[in-house]
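This report goes through one protein structure part by part. Look at the sequence and the 3D view before reading on.

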Amino acid sequence: MLSFILALAAAATPAGDTSFAIVVGNNQSPVLGRRSLQYADDDAVKYAEVFRASLAPENLRLLTTADEDTARLFPETLTKAVKPAREILKQSFQEMVTAIRQGKQAGHHTRAWFIFAGHGDVDRGRGFIELADGAFTGDDLVAALKEVDADEMHVILDSCNSYFVLAPRKPGGRHFATPADAALELSQRLPKVGVLLSTSAEAEVYEWSAF
């Protein structure tokens, strides 16, 4: 993952491009009532620090509520962090849409990023991620992504059952996707979006303090 982040930093915004990133980290679980995570806020802040090196400040949105340890470690990056709430995320996507549109009008190549770390699950076959005030469903996310007319769109989801956020489970029980299944379903729903998911089927994801 470290090598991936370093590559991301190098490629995020070449000269003459317009890039916009929304980074969300939420430790809490208001919907599922699960034990709070320890590192989702840290992951979000570290991604934001990568983007700070290459994006214009107005083109980066960090949505997280840091715990005491994270706040002590990353005070500067957290000065502009806002609550990871549904309406704030929707507003951030609208700001992304506007920034990308303006970049294209200026003749720039445009890139957009959405990154989430936190809890997620499946409800009646449809995946969702948990924000501080409730669920943000796969339908919510797909609708938001479809509004972003970027030349490149990149999505990273680090949560349990993240595959189903962008590829709803079909009727008939559990669904275990092959890489070909995943690529086909995601390309059909979001043909301009590249996706990195923490699961390729119905699966849980765990934190490990050793990392």
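Is His-108 buried, partly exposed or exposed?

The model discussed here is predicted. In this model His-108 has a relative accessible area of 31%. Buried means under 20% and exposed means over 50%, so His-108 counts as partly exposed.

His-108 sits in the loop between H4 and E3. Leaving out residues up to four places away in sequence, His-108 touches Gly-16, Asp-17, Thr-18, Gly-103 and Asp-151. One of these, Thr-18, is 90 residues away along the chain, yet the C-alpha atoms of His-108 and Thr-18 are separated by 6.1 Å.

## The whole chain

The protein has 211 residues, and 45% of them count as buried. Its secondary structure consists of 7 helices and 8 strands.

Contacts can also be sorted by how far apart the partners are in sequence. Among contacts with a separation of 6 or more, 74% are between residues 24 or more positions apart.

## The largest nonpolar core

In soluble globular proteins, nonpolar side chains tend to be buried together. Here the largest nonpolar core has 27 residues. The residues with the most contacts inside this core are Ile-22, Leu-89, Phe-93, Met-96, Phe-114, Val-148 and Met-153. Two or more residues come from each of strand E1 (17-26), H4, E3, strand E5 (126-131), helix H5 (138-147) and strand E7 (152-158). H4 gives the most, with 6 residues.

What does Val-148 touch, leaving aside its neighbours within four places in sequence? Val-148 is in contact with Phe-93, Met-96, Val-97, Ile-100, Ala-112 and Met-153. A second, separate core has 15 residues, including Val-45, Tyr-47, Phe-51 and Leu-55.

## A pair of aromatic rings

The structure contains 2 aromatic pairs. In the pair formed by Phe-93 and Phe-114, the ring centres are 5.3 Å apart and the planes meet at 40°. Planes under 30 degrees apart would count as stacked and planes over 60 as edge-to-face, so this pair is tilted.

Why does this pair tie together parts that are 21 residues apart in sequence? The reason is that Phe-93 lies in helix H4 (residues 86-105), whereas Phe-114 lies in strand E3 (residues 109-118). Phe-93 is buried, with a relative accessible area of 3%. Phe-114 is buried too, at 0%.

## The sheet E4-E5-E6

Which strands make up the open sheet? The sheet has 3 strands in the order E4-E5-E6, and their pairing is antiparallel. Strand E4 (120-123) and strand E6 (134-137) are the edge strands, since each pairs on one side only. From one strand to the next, the twist averages 40°.

E4 and E5 are joined in the antiparallel sense over 4 bridges. Across this pairing, Asp-123 has Arg-126 in E5 as its bridge partner. E5 and E6 also run antiparallel and are joined by 4 bridges. Here the partner of Glu-130 is Ala-135 in E6. E5 and E6 form a hairpin, with 2 residues between them.

## Helices across the sheet

## Helix H2

Helix H2 (residues 40-52) has 13 residues. From its first C-alpha to its last, H2 reaches 18 Å, close to the 18 Å expected at 1.5 Å a residue. Its buried residues are Ala-40, Asp-41, Asp-42, Ala-44, Val-45, Tyr-47, Ala-48, Val-50 and Phe-51. Of these, Val-45, Tyr-47 and Phe-51 are included in the second core.

Ala-40 is placed in helix H2. Its relative accessibility is 3%, so Ala-40 counts as buried. Ala-40 and Gly-118 are 78 residues apart in sequence, but their C-alpha atoms are 5.4 Å apart in space.

Conventions
Residues numbered from 1 in each chain as written. Predicted model: local features only at pLDDT ≥ 70, side-chain atom pairs only at ≥ 80, totals over all residues. Heavy atoms only, no water. Phe/Tyr/Trp six-rings, centres within 6.5 Å; stacked < 30°, edge-to-face > 60°. Buried < 20%, exposed > 50% of the residue type's maximum accessible area, 1.4 Å probe, protein only. Core = buried A, V, L, I, M, F, W, Y, C linked by side-chain atoms within 4.5 Å. Contact = heavy atoms within 4.5 Å. Pairing = 2+ DSSP bridges. Axes fitted to C-alpha atoms, helices over the stretch in contact; angles between N-to-C directions. Expected span 1.5 Å × (residues − 1).
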